[in-house]
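The following account leads the reader through a protein model, from the chain as a whole to single residues. Please keep the sequence and the structure in view while reading.

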Amino acid sequence: MILKVRKVSAASRPVTGWLLLVLFMLCCGKCPAVRPPAVYAEIPAEELLGGGRFSFFDEPLTLRFTLVPDPYAHEFTGVVLRAQSSGVREDRIILDWRRGGGQSLLLTSGDKVQRLDIEGDIFSHGPVEFIVGINFKRSLTTIQVADTTFTTGVLGFNINDGYKFFLLPGAPADSRGRAVIEASGFSASTPRLTAGKTQTWHWLVAVIVVDLLFFWGVHIARSRRRRRLAREHYAAMSAANSAAATPAEVELPHRGAIYLLGGFHVYDRAGEDITRKFSPLVRELLALLILYSSGKGISSEKMRELLWYDKDEAAARNNRAVNLGKLRALLDTVGDYEISNQTGYWRITFHSLFVDYLQWRAAVGRGENVNTVIALVGGGGLLPEEDHPWLDDFKSDFADKTIDLLLGQASASQDQTATARMADAVFTLDPVNEQALYLRCRAYMAAGKHNAAKGLYDRFAKQYESLYGEPYSGSIRELTEH
């Protein structure tokens with residue numbers, strides 16, 4: 001899991017979580033965590049695989065499972081086994097497999113990454129058994145895949161932490177929704193198991209979660225405030241004549257839909273808003289794939305430069321595999337799609353999903369369906385809440401093409417109601433567009449609404465001076481007499 005942290009001043013940092021931590025340490029600092037007594041028992045799979053509690057081990061643990069590839073699958077990159085510790089650390093074993101050979105394992109633990117190459121095709125004779133042996137006292141892990149065995153100290157297993165395990169978390173599926181690789185026959189054995197919870201670590205995790213939630217709440221509040229301020233001007237301009245400005249009915253779907261215009265929103269097949277399930281990084285990854293797929297796609301090197309510039313090649317590859325797995329798991333609930341890398345460029349194509357940006361490109365490319373364009377841009381520009389530098393060119397292209405189309409159609413239109421709708425749509429992208437001001441005032445004057453035209457002009461002039469620091473030079477008379 002990669003967390004992007006924004007630096008803030010000391011005065012603005014939330015202190016709620018840290019006050020709880022200090023109070024807890026004062027109360028419990030002299031009381032060390034007490035591990036539950038050891039018991040002898042077999043280990044049920046459900047207790048280790050994503051169970052509700054951490055399991056502690058004094059003796060070595062051996063995990064066995066079999067990976068079964070889909071007979072039509074040609075490649076797989078994803079997490080095979082993930083271990084979550086009570087010390088808030090994650091260890092991963094990632095398989096990168098290509099049919100015919102060229103596979104490897106990537107081991108990650110915090111900032112540590114190790115690549116282990118495997119010769120031949122491990123699935124050449126069908127399913128293959130993985131055996132993972134963990135020595136907690138020596139912090140050593142032995143991994144046996146088919147006839148190849150590795151011993152490593154990169155994974156951070158130790159005797160002081162408890163662990164939960166996850167098998168094939170977020171495993172990718174093909175375009176038909178079938179799992180590329182499935183796991184079966186999981187078993188675990190150890191001479192001795194100590195299982196239970198540690199109250200100290202649970203309190204510590206709770207404190208960290210509180211603090212992270214506070215940070216996230218502040219971020220959401222600030223993002224909403226920025227979006228609200230950006231739309232105030234448009235709301236004020238359109239309120240005076242909302243009836244005349246209502247666009248022709250164009251119904252946008254809310255089932256199996258991805259929206260980038262006016263803000264990032266995703267709706268699954270059932271119509272549920274699942275936007276909150278997308279982490280900031282997975283959200284950016286999806287936007288990146290959609291926007292670059294309008295061309296030839298994006299190379300792995302370019303993706304690393306934009307998303308994981310601070311990682312080396314191995315770590316970036318690991319992060320790409322993990323986050324593509326997360327993205328696939330979410331998109332599987334939305335509709336049919338395909339993420340491919342057949343020509344050295346990553347692309348995403350959609351078969352039964354509505355993507356507003358792609359609908360906008362089609363409408364603008366044909367120079368028609370103006371009502372559709374108005375409906376699509378009614379909420380605002382392209383990903384207005386995102387400020388990634390790589391987005392700037394896409395945002396400019398979107399705004400320029402939309403404004404050119406709408407102003408061209410509005411200037412030629414004899415329907416003043418349609419002109420008003422197109423001018424208002426331009427204002428959502430450029431609140432100080434002078435041609436849109438002229439067209440909107442012309443529509444008001446044609447309807448005999450002189451006071452509405454004067455009110456629009458006053459709001460425009462105030463916004464213009466606020467943005468440019470100087471009074472607007474045009475006069476209301478010049479606009480009405482033009």
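**From the whole chain to single residues**

The protein chain exposes about 24,700 Å², and carbon and sulfur atoms supply 52% of this area. The model is predicted. The chain has 482 residues, of which 44% count as buried. Its secondary structure comprises 14 helices and 18 strands. Among contacts with a separation of 6 or more, 63% are between residues 24 or more positions apart.

With β7, residues 128-135, β2 runs antiparallel, and seven bridges join the two. As a general point, the strands of a sheet pair through backbone hydrogen bonds, in either a parallel or an antiparallel sense.

Two open sheets of three strands may be considered next. One of them has the order β15-β17-β16, with antiparallel pairing. Its edge strands are β15 (298-299) and β16 (337-340), each of which pairs on one side only. β16 and β17, the latter spanning residues 345-350, pair in the antiparallel sense over four bridges. Within this pairing, I339 has I348 of β17 as its bridge partner, and E338 stands opposite T349 of β17. β16 and β17 form a hairpin with four residues between the strands, and in this hairpin G344 takes a positive phi near 90 degrees.

The other open sheet has the order β14-β13-β18, with mixed pairing. The edge strands in this case are β14 (265-267) and β18 (354-355), and each pairs on one side only. β13, residues 257-259, pairs with β14 in the antiparallel sense over three bridges. A257 stands opposite Y267 of β14.

The backbone angles of two leucines also deserve attention. Most residues other than glycine have a negative phi. L168, although not a glycine, has a positive phi of about 50 degrees. This residue is placed in the loop between β10 (163-167) and β11. L168 counts as buried because its relative accessibility is 13%, where the cut-off for a buried residue is under 20%. L383 likewise has a positive phi, near 45 degrees, and is a residue other than glycine. L383 is found in the loop between α9 (370-377) and α10 (392-412). Because its relative accessibility is 1%, L383 counts as buried.

A further buried leucine lies in a helix. L439 belongs to α12, residues 434-446, and counts as buried because its relative accessibility is 1%. Which residues does L439 touch, not counting those up to four places away in sequence? They are L407, A410, S411, T419 and A423. L439 and A420 are 19 residues apart along the chain, and their C-alpha atoms are separated by 7.1 Å.

A search of the whole structure finds one cavity of 30 Å³ or more. The largest cavity has a volume of about 50 Å³. Which elements give two or more residues to the lining of this largest cavity? They are β3 (75-85) and β4 (90-98). The lining consists of L81, R82, A83, D91, R92, I93, V132, L155, F157 and F165. By class, seven of these lining residues are nonpolar, none is polar and three are charged.

Key:
Residues numbered from 1 in each chain as written. Predicted model: local features only at pLDDT ≥ 70, side-chain atom pairs only at ≥ 80, totals over all residues. Heavy atoms only, no water. 1 Å grid on protein atoms, 1.4 Å probe; cavity = no way out; pocket = protein on both sides within 12 Å on 5 of 7 lines; lining within 4 Å. Points joined across faces, edges and corners; volume = space filled by probe spheres on them. Nonpolar A, V, L, I, M, F, W, Y, C, P; charged D, E, K, R; others polar. Buried < 20%, exposed > 50% of the residue type's maximum accessible area, 1.4 Å probe, protein only. Contact = heavy atoms within 4.5 Å. Pairing = 2+ DSSP bridges. Areas by Shrake-Rupley, 256 points an atom, 1.4 Å probe, with all protein chains shown as cover.
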